[in-house]
Amino acid sequence: DKYQARMRAHTNIALVKYWGKRNKNLFLPVTSSLSLTLDAFYTETEVLFDPSLKEDSFTLDGQVQTGQSLAKVSNFVDLFRRDFNMSLPVQITSRNHVPTAAGLASSASAFAALAAASNQALGLGLSPEEVSVYARQGSGSASRSLFGGFALWHKGQGDDSASSYAQQIDPADWDIAMLVVLVNPGPKKISSRQGMEHTMQSSPFYALWPEEVAKDLSAMEDAIKDRNIDQIGIIAEHNAMKMHATMIASNPSFTYWQAQSLLAMERVRQLRQAGYSAYFTMDAGPNVKVICPYSQVEAIRQALLDDFAEDHLVISRPGPAPYAV
Ligand code: DP6
């Protein structure tokens, strides 16, 4: 028998960040984290489990993958094969939908789509929370892409994998948007995986991180309940700055910021002075994401056009949970 499915999953941007693992094998995080799923960026993945296939294969954006890239997804599918006691080879075909200038290819949407498609193809009937436990073990942030709107990924207890799942906390079906400022990625790239590990090992500021996240999470949940975009923005911006401060204080020091990132941050601060509810967050790369009301996002985009090319400014509304395509 053959088992096939094709699913689309959207990326997510953390407003209270995940930065550090307590268990690297199981992708168990040091803290819980909270994100907004985005409409504009997604991955579509088709899986075919078929006994007539010789071995696993993986095609990404039309390119046949081998070596590490194939091993990563093959090992990920092994989690399903192990738990559901089957050994069928799988053919995986994946496409990232991100703007051409991006550098925003996302492991979050990728592993969420692969986990959702595997669940669907194999007819496992797992709940989104259960699927998020699988997605997490491909990339931590992927756990949150099983949900639309605002999602909370629970850190869980001890080494209990099942206790570290994500869930939706609000559909974000109100006046909120994100404007992604695409900054040309420079030469050196440190993955978030390496970056968080190096930070935990060498940054004296990391000791402060877990308690700061705990405070930010509870304040953020209140701000979301109140639909208070200024509170959401203030907490998210401060949380991102604290995370980046742990990296700057690591030894040897590193940062994902580039000159254009600093320019974007400064412009957002100026827009705030001018009366806009605009706030920024940044992840393990140079791009800057502006949090603002949807009703202000076009005016904010216009203002940023003085410094950034049109195709480097991408407006996104909140996005949905994975769905079949
Ligand atoms: C800065 O989920 O990419 O974007 O679990 O090692 O795959 P791995 O890391 P990943 O880390 C994301 C880090 C972040 C913050 C966040 O998304 O919460």
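**A chat about the fold and its ligand shell**

Visitor: Is A172 buried or exposed?

Guide: A172 is buried, as 20 other C-beta atoms lie within 10 Å of its own. (Buried means 20 or more such neighbours within 10 Å, exposed 12 or fewer, and partly exposed anything in between, with C-beta atoms placed from the backbone.) This is a predicted model, so local features need pLDDT of at least 70 and side-chain atom pairs count only at pLDDT 80 or more, while totals for chains, interfaces and linings use all residues. Residue numbers start from 1 along each chain as its sequence is written.

Visitor: Where is A172 found?

Guide: A172 sits in the loop between strand 9 and strand 10. Helices (H or I, at least four residues) and strands (E, at least two) are DSSP runs numbered from the N terminus. A172 also has a positive phi of about 55 degrees, although it is not a glycine. Most residues other than glycine have a negative phi, and most peptide bonds are trans.

Visitor: What about N85, what is its phi?

Guide: Phi of N85 is near 55 degrees, again a positive value in a residue other than glycine. N85 is in the loop between helix 1 and strand 7 (90–97), and it is exposed, with 6 other C-beta atoms within 10 Å.

Visitor: Which peptide bond is cis?

Guide: The one from N251 to P252, with omega near -5 degrees. P252 belongs to the loop between helix 6 and helix 7 (259–273).

Visitor: Switching to the ligand: how many residues surround it?

Guide: There are 14, and the closest are A14, Y18, S139, G140 and S141. A residue counts here if its C-beta atom, placed from the backbone, lies within 6 Å of the molecule.

Visitor: How does that shell divide into nonpolar, polar and charged?

Guide: Five nonpolar, six polar and three charged. Ala, Val, Leu, Ile, Met, Phe, Trp, Tyr, Cys and Pro count as nonpolar, Asp, Glu, Lys and Arg as charged, and the others, Gly among them, as polar.

Visitor: And the largest nonpolar core, which residues touch the most other members?

Guide: A112, L179, V181 and V290, out of 91 residues in that core. Helix 2 (residues 107–121) gives the most to this core, with ten residues. (Such a core is a set of buried Ala, Val, Leu, Ile, Met, Phe, Trp, Tyr and Cys residues joined through C-beta atoms within 7 Å.)

Visitor: What is V290 in contact with?

Guide: Leaving aside neighbours within four places in sequence, V290 contacts M178, L179, V181, V268, A278, F280 and I300. Contact means C-beta atoms, placed from the backbone, within 7 Å.

Visitor: Why is helix 3 called largely enclosed?

Guide: Because seven of the nine residues of helix 3 (residues 128–136) are buried. Those buried residues pack against helix 1 (67–83), helix 2 and strand 9 (166–170).

Visitor: On to the four-strand open sheet: in what order do its strands come?

Guide: The order is 11-12-10-13, with antiparallel pairing. Pairing requires at least two DSSP bridges between two strands. Strand 11 (279–282) and strand 13 (313–316) are the edges, each pairing on one side only. Four bridges join strand 10 (residues 177–181) to strand 13, and V180 has V314 as its bridge partner in strand 13. Helix 8 (residues 294–304) packs on the sheet, touching strand 10, strand 12 and strand 13.

Visitor: How many bridges pair strand 1 and strand 4?

Guide: Twelve, in the antiparallel sense, with strand 4 covering residues 33–49. In strand 4, Q4 has L48 as its bridge partner. Ten of the 14 residues of strand 1 (residues 3–16) are buried, so strand 1 is largely enclosed by the rest of the structure.

Technical notes
Two residues are in contact if their C-beta atoms, placed from the backbone, lie within 7 Å. Axes are lines fitted to C-alpha atoms, for helices over the stretch in contact, and angles run from 0 to 180 degrees between N-to-C directions.
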